[in-house]
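Please keep the sequence and the model in view while reading.

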Amino acid sequence: MKDRYDVIVVGAGPGGSITAKTCAEGGLDVLMIEKRQEIGDPVRCAEGVGTDALLKHIAPDKRWIAAEVKGSRIIAPDGTEILMSSDAAMKDVGYTLERKVFDRVLAQKAAMAGADVMVKTRATGLLRNNGKVAGIKAMYMGEMNDIKADIVIGADGVESKVGRWGGIDTSLKPHDIETCAQFLISNFDPGEYSEFYIGEKYSAGGYVWIFPKGGHTANVGVGILGSKSGKIRAITLLQKFVETTIPDGKIIEMVLGGVPVSGPIERTVTDGLILVGDAARQSDPLTGGGITNAMDAGKIAGEVCIKAKEKGDYSVKTLKEYEDRWRVTIGNEISRSLQVKNLLIKLNDEQLNQLAHSLDDVDASTMELPKLLAVLFKKNPKLLWELRSLF
Amino acid sequence: VNRFKCGYCGACVGVCPKGALELIETWIEVDDSCTSCGICAKICPVGALEVKVK
């Protein structure tokens, strides 16, 4: 085991692997550690992703595409359906991933680019040199090791510790997290669209999703805003939904997880440390999607690490470029999503129905979410007045 | 922690204001900094956590 690297990446999810791969391709000496013994498993994800955003990073591969998706359908509390995000030529606009395979393939790409990978290796703290982050303390197979590095990347997901150790408060308040439960349901034909059931009827401050997973299966899940969870829990809401909506479905897997929906946090870098992906709370507060944001952020983080190495400066002064770059892209998007989410969770089911019906004479089938929201705002200015700054 | 119910998703670790929780594979560990605030129990998707006041 080596005891010194240029960069150590903590966490081998999509954000970590893209960071490690980018660093390795830039000639840096990089180690990626994963505390679990298996990368990608157990899954904590609904596995839906947009093709455009994903294919910037990786060529499509049948090994990790569980199903191709034609678009999205939103179902209002009264059953009104809004078709959106589909392509006029019926091209695939999204995939449902097989994360167990996807995450491994990404980690393997990082390894093939030259990164060292260690599994069953858990970071337990940071090393410091003159106050600056200078590596990690890591436990591998029950033994403690110090591993030095110029930069530590915290890509350690919703449970992120690296940021906290570095003095960045990443703890999520109950209203900053969606707590989720999902079943992989068999004996069920979900069609070719991802479906989103919205309204208090299904979940308070969250939604129910059905993502086709190929071969008569689908990921069916529910998220509930942490602040509304307690007496009612994600698992009970999901059981209720499945019993009433998919009574013949057979549950062949259970997935649980928490999704950060806080929007951008105050800072994601410090001297010798960068946070990426869910650890940096970069998931989308409205959709809950986090995979491609994490990958985009990982790419930027990797590029900034390469520059830092060239300059020989690993302080905030150099690493701040990461912060600046993700804020104008991912940051702007998730800030908008946060505003929309904060309004939508205040609307009751009747108001949501009203919004859905305002689209009765609109063909939204090829609209993406921002466009659809703009149309909704035009038609319901009073109800959506809070969002006026967005349009 | 009800270890038979816990789905080791780590959501509780993310909301702990004290960083008192850690997830190792399927095992949730609670250290001495826990203040029994109960946020973890509130957000657990399956209700596997219960706070006992010390």
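**Backbone, sheet and aromatic rings**

Met90(A) is found in the loop between S6 and S7 of chain A; helices (H or I, at least four residues) and strands (E, at least two) are DSSP runs, numbered from the N terminus. The model is predicted: local features need pLDDT of at least 70 and side-chain atom pairs pLDDT 80 or more, while totals for chains, interfaces and linings use all residues. Residues are numbered from 1 along each chain as its sequence is written, chains are lettered from A and ligands numbered from 1 in the order in which they are written, and side-chain values use heavy atoms, with hydrogens and water left out.

**Backbone features**

- Most residues other than glycine have a negative phi, and most peptide bonds are trans.
- Met90(A) has a positive phi near 60° and is partly exposed at 41% relative accessible area (buried means under 20%, exposed over 50%, partly exposed in between, with a 1.4 Å probe and protein chains only).
- Ser85(A), in the loop between strand S6 (81-84) and S7 of chain A, also has a positive phi near 60°; Ser85(A) is buried, with a relative accessible area of 10%.
- Asp41(A) and Pro42(A) are joined by a cis peptide bond with omega about 0°, and Pro42(A) lies in the loop between strand S2 (30-33) and S3 of chain A.

**The sheet**

- Three strands of chain A form an open sheet in the order S3-S7-S4, with antiparallel pairing (two strands pair if DSSP finds at least two bridges between them).
- Its edge strands, S3 (48-50) and S4 of chain A, each pair on one side only.
- S3(A) and S7(A) run antiparallel and are joined by three bridges; Val49(A) has Tyr95(A) in S7(A) as its bridge partner.

**Aromatic rings**

- Over all chains there are eleven aromatic pairs (rings of Phe, Tyr and Trp, its six-membered ring, with centres within 6.5 Å; planes under 30 degrees apart count as stacked, over 60 as edge-to-face and the rest as tilted).
- One of them is the edge-to-face pair of Trp64(A) and Tyr95(A), at 6.4 Å centre to centre and 75° between the planes.
- This pair links distant parts of the chain, with Trp64(A) in the loop between helix H2 (51-55) and strand S4 (65-69) and Tyr95(A) in strand S7 (residues 94-97) of chain A, 31 residues apart.
- Both Trp64(A) and Tyr95(A) are buried.
- Phe377(A) and Phe391(A) form a stacked pair, 4.9 Å centre to centre with 25° between the planes.
- One aromatic cluster is formed by Phe196(A), Tyr207(A), Trp209(A) and Phe211(A).
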